[in-house]
Amino acid sequence: MPPAPPGSSPATAAAPARPGATLAATATALVTVAYTAPTASLAATAQAAHVGTAGRTWILTGTLIGISALLLTAGSAADDHGRKRVFTFGVLLFAAAEALAALAPGGAVYLAARVLLGVASAAVLAPALGLISHAHPPGPGRIRALGVWGAAVGLGIAVGPVYGALVEQHAGWRTVSGGIAVVSAAVAAYSAAVLTESRADRPRALDPYGVLTLAAGTSCLIAGLAEGRGGWGRPMVVTLLVLGVLLLALFGLVEAKVREPMLDLALFRSPGFVAATGGALFTGLSLVGFMSYLPTLLQGVLGLSGLAAGGVLALWSGLSVLSALQARRLAAHLSATAQVAVGLAVCGLGQAGLYGLTPGSTWLRLAPGLAVAGIGSGVLNAALARLAVGSVPAHRAAMGSGANNTSRYMGSALGVAVTVAVVGSAPPGGPGREAAARALAAGADRAVLVAAGLCLVGALLALAARAAEARDAGRARDGGAPGATPTRERVAAP
């Protein structure tokens, strides 16, 4: 049995942890499979579910709202009241949401099920890294486990679009959700049997104003970004965006005033925490946002089917799985913060390689860029998982995971909105399908350059955080006031 991590309660510290079983239960690709499953067949699913053209946006956005609004809350609840309890409840709710989507009598219920799916996803994602950290003591074993968790994220992105397009084509859109519901129920039963409960020594008081302002602020902001695709100057869009920004600012004020905040703002003095949250934000903004829209571009420019477009995307996400599994070998040479910088820079170079897509080209034109971006994504996912738990106190591991994933999914919502806006900024190519494809290709080139530039900005932010880590470490060695603890784990590569 591994030693009890600092901050574990005595009751849970005595329970035997099962590292392999814990990793098998928590390194699930369910969340990313369920989120990306509709992307390669979005038009067909929207038509079959009777949600209309505008509803296509909300099939994805509804899930993002649920995830972003409650990830941080779910992380705090897991740390205070039990990570196994929150995780198992989340997977059960996940199964119920997918069952509701499969049985939905109309578009409104289907979209409501997608929002509920986001809420459930928050309860699954937030405790996962805390459970893994509790079962794996610091060292090579934990680094390996967190790499596997990062690989599972990429695996879900690879499988989701292909699974969704294939099943929708042969068995209908309801079966897509029904199949995920069945698998989720099995994962819930397995989790209840094998996971070991863990929580902080002393549960903190509820932060109701923080919960309300964060949930309302993120919901308004993401809803405004989604509706903005139909015109950014509309009163409803402006109102939602302004209200979202104001509520998130109010959340910051609340967290600065309450005695036991849901998110301790003092953590932002830690370079590792800044790199974790900033890196996750730019990952969503630059990488996930563009790649989520790539199947649509492939269908519009190259005329690929939904299944074929999902297969092309799997080249990127599949290589990210392999890269994440091998990223542990970098631990002896690069800190997690430095890996974030390297991962974002490599992703930016890979995305730049997607420039030049034309209606007359083939998907092979994109293969080198997708391969490079996939390798960078795997390094990035593994490093962000390490930073999410390594940059916060051990008893706040689920909160760190929640903060990290909140940044990632908010960035994803903003990234999709930016990608759609940039693609649509290209001048129309005139009447006819070929002219429309040329105009879409021109917009895609603009979006590629924006996404690559944002990756490089994120890499610079991570480099600045790494420099701050080095300064803090130098002050500590010189006997000065130590700053934030560096997040580098000095271990030999296994």
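What is the accessible surface of the protein chain, and what share of that surface belongs to carbon and sulfur atoms? The accessible surface comes to about 18400 Å², and 70% of it belongs to carbon and sulfur atoms. The model under discussion is predicted, and the points below should be read accordingly.

1. Overall architecture. The protein chain has 17 helices and zero strands. Its radius of gyration is 22 Å, close to the 23 Å that the globule rule gives for 494 residues, so the chain is as compact as a globular protein of that length. Taken along the principal axes, the box filled by the C-alpha atoms is roughly 70 × 50 × 45 Å.

2. Burial and contacts. Of the 494 residues in the protein chain, 59% are buried. Contacts between residues at least 6 apart in sequence join residues at least 24 apart in 82% of cases.

3. Charges. The protein chain carries 32 positive and 17 negative charges.

4. Aromatic pairs. The structure holds two aromatic pairs. F268 is partly exposed, with a relative accessible area of 39%, whereas F273 counts as buried at 2%.

5. A97 lies in helix α6 (residues 83–103) and, at 1% relative accessibility, counts as buried. Leaving out residues up to four places away in sequence, A97 touches A113, L116 and L117. A97 and G178 are 81 residues apart in sequence, yet their C-alpha atoms are 9.8 Å apart in space. A181 is found in helix α9 and is also buried, with a relative accessible area of 11%. Beyond its neighbours within four places in sequence, A181 is in contact with A95, E98 and A99. A181 and L206, by contrast, are 25 residues apart in sequence and 32 Å apart in space, C-alpha to C-alpha.

6. Which residues are in contact with D80, leaving aside its neighbours within four places in sequence? They are R199, R202, P203, R204 and R396. D80 has its place in helix α5 (residues 52–81). Its relative accessible area is 7%, so D80 is buried; the cut-off for that class is under 20%.

7. A backbone point to inspect. H50 lies in the loop between α4 (42–48) and α5. H50 has a positive phi of about 60 degrees although it is not a glycine. Most residues other than glycine have a negative phi. At 64% relative accessibility, H50 counts as exposed.

8. Is A383 buried or exposed? A383 is buried, with a relative accessible area of 0%, and has its place in helix α15 (residues 367–390). Not counting residues up to four places away in sequence, A383 touches A336, Q339 and V340. The C-alpha atoms of A383 and S335 are separated by 8.5 Å, although these residues are 48 apart along the chain. V340 also has a listed separation from R466: the two are 126 residues apart in sequence and 9.6 Å apart in space, C-alpha to C-alpha. R466 lies in helix α17 (residues 433–477) and counts as partly exposed at 24% relative accessibility.

Key: Residues are numbered from 1 along each chain as its sequence is written. This is a predicted model: local features need pLDDT of at least 70, side-chain atom pairs count only at pLDDT 80 or more; totals for chains, interfaces and linings use all residues. Side-chain values use heavy atoms; hydrogens and water are left out. Rings of Phe, Tyr and Trp (its six-membered ring) pair if their centres lie within 6.5 Å; planes under 30 degrees apart count as stacked, over 60 as edge-to-face and the rest as tilted. Buried means under 20% relative accessible area, exposed over 50%, partly exposed in between (1.4 Å probe, protein chains only). Helices (H or I, at least four residues) and strands (E, at least two) are DSSP runs, numbered from the N terminus. The radius of gyration is taken over C-alpha atoms; the globule rule is 2.2 Å times the number of residues to the power 0.38. Contact means heavy atoms within 4.5 Å. Accessible areas come from the Shrake-Rupley method with a 1.4 Å probe; for residues, only the protein chains shown count as cover. Lys and Arg count as positive and Asp and Glu as negative; His and the chain ends are not counted. The place of a charge is taken as NZ of Lys, CZ of Arg, CG of Asp or CD of Glu.
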